[in-house]
Amino acid sequence: MRTNSISNRYRLGCICLLFFLVFPSVSHAIPAFARQYQTSCATCHSDFPKLNDFGKAFKDAGFKFPTDDEGFLKVPPVLLGAPAQKDLFPKAIWPGTIPGMPPIGLRMNTFFQKTSGNRGKFDALVPPGTVAPFIPKTDFSTGLFSIFTAGNFGSDIAFWVDSDFNVGGDNTAGGLGDGYLKFVNIGRLLKMKKDSLSLRVGRFELDLPFSQARNINISGYDIFDQANLGNINPAFTQKNVNNQLTMADAMNGIEFSGGHQYGGYHYSIAFIDQNTSGLNQASNNSDFVPSPAGFASDSNFKDIYARVSYRFNLERDPASRNAVQAAGASGPRDHTYINLGSYYFYGRSVQRFSGETLLGDPAVLTVREPFYRAGGDFSVNYRALNVYGLFMYGHDVNQLPIDSTGTPVPLPLDPATPTATGFLHGQPATFTGGFVQADYLIHPWLMAIMRWDAVNSGEDKLNSLAGAAPLTFHTTRNRFTPGIQFLIHANIKASFEYQFRPQQSVTIITNPITGLPSSIEPFRTNTAVVALEWVY
Amino acid sequence: MKTKYVLLVSVLALVTAQMSFAGSLKGKVAPGKSVVYLESAAPVPVTTDKPVTMDQKGLSFQPHVMVIQLGTTVEFLNSDKVQHNVFWPSISGDKKKTHNMGTWPQGQKKAFKFNDPGVVTLLCNVHPEMAGYIIVSPTPYFAETDANGAYSIANVPDGQYTVNAWHEGKKISSKKITVTGDTSADFTLQ
C-alpha cells in the first residue's frame with residue numbers, strides 16, 4: 001500500500017470543492033420593482049428568487065406588467081423626449097424613458113455552517129512540514145454583498161445589470177454577473193406575432209431550463225458547475241481535453257428568444273463567445289491590437305446554445321389556461337402544468353501547444369475539439385408542489401498529441417515529453433448528470449425542499465487519482481440535499497440545507513490485481529448550512 | 001275650521017315628537033379619518049337595498065375604507081388588467097367568518113351581502129400589500145370623520161347605544177352612551 005502523493009493541488013481542489021458546495025450561487029430578487037410598482041416581492045416571487053407565473057410574465061415582457069404597465073407604475077418614468085418626437089424621426093432622437101427612481105436593489109447574505117467530523121481527514125493531503133488549512137466544526141461566515149439594477153427604458157427595451165461588491169468578506173473577489181439590454185418583441189418590426197421574437201445583447205446567463213444564478217438553494221446545481229477535463233492520470237488512457245466551460249458561466253453574446261415561460265412554447269438561440277480555457281478578459285489584451293475592454297474569446301468560433309420548451313397548462317377552462325395565472329377557487333395561483341424542454345450547446349474547444357512541424361520547425365499547434373452539451377428537462381407543478389429536473393450529457397472530442405513517429409505523447413505536455421507534431425482522434429471525454437428537485441410550498445412563507453444531484457464522470461475520478469482534482473471515490477457523485485426555507489418577511493429569508501455529500505477518499509493504493517491506482521476508505525464530509533439573506 | 005285645527009295640532013305634535021326623540025351625536029376622534037358607528041340593543045331594520053361597489057384598481061382597494069349598514073350588498077369589482085382576489089380572514093377577529101371570494105376577470109363583479117357586523121379586513125392573496133376595510137355597522141347611524149377627526153351623526157333616536165370608533169391599525173374603542181338630543185362622544189384611539 002502506498003499513500004497518495006501529497007499535493008497542494010489536492011488541498012486546493014478540496015478547498016474549492018468545499019467552497020462551491022457550501023457557498024451559494026448568485027441569486028436575485030428585485031426590490032427596485034417593488035418600489036416602482038409599490039407591490040410586494042410576492043407579486044412575482046414565491047420564495048424569492050423563484051419566480052411565480054406572474055413573475056415569469058413580467059420578465060418575458062421586459063420587466064413590465066404584461067398589460068397596462070403605465071397604470072400600475074406608482075413612480076412615473078422620466079421622459080427622455082416627448083412621445084411626439086417620434087413624428088420627427090429621423091430628425092430627432094427616438095424618445096425613451098428612464099425609471100422615475102434609481103432602480104437599485106441590494107442584497108446581502110451570511111451563513112452559519114457546521115461540518116461533520118471527517119473534515120480533518122483532508123489534512124493528510126498536505127505535504128510534510130506544511131500545515132493544512134483549518135476547517136472549523138462550526139463557523140459564521142459572511143457571504144456576498146451585491147447590487148443589481150433592472151428595468152425598462154421604454155420602447156420595450158429592458159435592462160439588467162448585477163455585480164458583486166464583496167464575496168466572502170473580500171472586496172476583490174466580486175465581479176459582474178449579468179449585464180444586458182433586451183429588445184423585447186422586436187418581431188413587431190417584421191410584423192411577426194406578438195412576443196415571438198426578442199433580442200438580448202450583452203453578458204447573460206444562458207436560457208437554462210432552471211437558473212443557476214437565480215435558484216433558491218444555498219448551493220448550486222452540481223451539473224451546471226461541471227467542466228470537462230480529460231483524464232491526465234498516466235496509469236490510464238489519457239485524454240487531451242481541457243474544457244473549463246460550465247453551463248453556469250455568464251456568457252457574452254446575443255440571444256434571440258420568443259414565446260412565454262408561463263404557458264405554450266418558448267425558444268431561445270444564443271451565439272456567444274467561446275471561452276473554454278478560462279480566459280480572463282481584462283488581462284487578455286495586446287499592446288499591438290488595443291481593445292477597449294480586452295478580448296473575451298479564446299477562438300474565432302462562436303458557440304451556439306439553443307433551447308426549446310413547451311408548457312402545457314392543464315386548467316380545463318380555456319380562459320384560465322391561457323391567462324398569466326390560473327383562476328383558482330380561492331384566488332389566482334400558478335398554473336397546474338407540465339413543462340417539457342430540451343437544450344443543446346455546441347462549441348469548439350481550442351488548445352494551443354508549443355510543438356513543431358513535421359519538418360522540425362518550431363510551431364504553435366492548435367487543436368480544435370468540438371464539444372456539445374445536450375439534455376432534457378421537465379417541470380411539473382400541482383398547486384403548492386413543484387417537481388422538476390434536468391439531464392445533461394457532455395461530450396468532448398479528444399485529440400491526443402502525437403510525436404513525429406505517430407506515437408502518443410504522454411500528458412500533460414511539458415519540455416520533458418517528446419515534442420508534439422500533430423494530433424490523433426482518441427476516445428471522447430464524456431459525462432452525464434443532472435438533478436431532481438421537489439419544492440413544496442407549505443405556506444406562502446415556508447418552503448420544504450428535497451433535491452438529488454448526480455454527476456457521472458470517469459474523468460473526474462481518474463483525475464482525482466492523479467492528484468489533479470478533488471478526490472472522488474466513485475465515478476458517480478451523488479448528493480442529497482434536503483432543505484427548508486422561511487420567509488421572515490417577503491424580502492428576508494432564512495434557509496437551512498443539509499448536504500449529504502458524495503464519498504471521498506484520501507488514501508490511494510495500487511490494486512494488486514489490476515496494478516492500477518485505486519482509492520479506499522471512503523468517507524463523507526457533510527455540512528449543515530444556515531443562511532440569512534435579505535434584499536432591499 | 002275644526003278640521004284645520006286638528007291637522008295643525010297633529011303636525012305640531014309630530015314635529016314635537018321628532019324633536020324630543022331624535023338627536024345627534026357629534027364629537028372628535030384622534031386620529032382623523034376614522035369611523036364611528038353605533039350599536040343598539042334594539043333591532044334596527046335595514047334601511048338600504050342599494051349595493052355599493054368596492055373596486056380593485058392599480059393594485060389597491062378603492063375606497064380604502066368603506067362603512068356600510070348591516071345587510072348591505074357589496075359588489076367587488078376588478079378594474080385591473082391583472083388578476084385579483086378578495087378574501088377576509090375574519091370579521092372583527094371571528095375567524096369562523098372568514099370568506100374567500102375567488103377569482104374573476106377584469107371588469108366583472110362579485111357580490112356579497114354582509115349579514116355580520118364588525119370590521120372586515122379585505123386582502124388579496126396574490127398581492128399581499130393590498131388591504132381594504134369594510135366596517136359593517138349594525139345600525140344606520142355611522143360616519144367617517146374628517147381629517148381632523150370631527151364627525152356628526154344626525155337623526156339618532158334617543159336611547160342607549162354603544163359607540164364604536166375605529167381607525168386602521170388602532171384598537172377599536174367603545175363607549176356606552178345615552179343619546180338625548182344633541183350628544184357628544186370623543187375618542188383617542190391607541
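How is chain B divided into domains? Chain B splits into domain 1 (20-44 + 143-190) and domain 2 (46-137), with bounds that come from an automatic or database domain assignment. This is a predicted model, where local features need pLDDT of at least 70 and side-chain atom pairs count only at pLDDT 80 or more, while totals for chains, interfaces and linings use all residues. Residues are numbered from 1 along each chain as its sequence is written, and chains are lettered from A and ligands numbered from 1 in the order in which they are written.

- The centres of domain 1 and domain 2 of chain B, taken over C-alpha atoms, are 24 Å apart.
- Six residues of domain 1 of chain B are in contact with six residues of domain 2 of chain B; contact here is C-beta atoms, placed from the backbone, within 7 Å.
- On the domain 1 side, that makes four nonpolar, no polar and two charged residues (nonpolar: Ala, Val, Leu, Ile, Met, Phe, Trp, Tyr, Cys and Pro; charged: Asp, Glu, Lys and Arg; polar: the others, Gly among them).
- The largest nonpolar core has 87 residues, and B:Val36, B:Val120, B:Ile134 and B:Ile135 touch the most other members.
- Both domains of chain B give residues to this core, so it lies between them.
- A nonpolar core is a set of buried Ala, Val, Leu, Ile, Met, Phe, Trp, Tyr and Cys residues joined through C-beta atoms within 7 Å.
- Beyond its neighbours within four places in sequence, B:Val36 is in contact with residues including B:Val29, B:Phe142, B:Tyr151 and B:Val163.

**Chain A overall**

- Chain A has six helices and 25 strands, taken as DSSP runs numbered from the N terminus (helices H or I, at least four residues; strands E, at least two).
- Buried residues come to 43% of its 536, buried meaning 20 or more other C-beta atoms, placed from the backbone, within 10 Å of a residue's own.

**Helix H6 of chain A**

- Helix H6 (residues 458-465) of chain A is mostly covered, with seven of its eight residues buried.
- Among those buried are A:Glu459, A:Asp460 and A:Lys461, along with A:Leu462.
- The cover includes strands S8 (228-229), S18 (422-443), S23 (507-510) and S24 (517-520) of chain A.
- Just after H6(A), A:Gly467 takes a positive phi of about 75°.

**Where A meets B**

- The contact takes 19 residues from chain A and 15 residues from chain B.
- On the chain A side, helix H4 (69-72), strand S13 (326-328) and strand S14 (331-333) each give two or more residues.
- That side of chain A has nine nonpolar, nine polar and one charged residues.

Terms used:
Contact = placed C-beta atoms within 7 Å. Buried ≥ 20, exposed ≤ 12 C-beta atoms within 10 Å, placed from the backbone.
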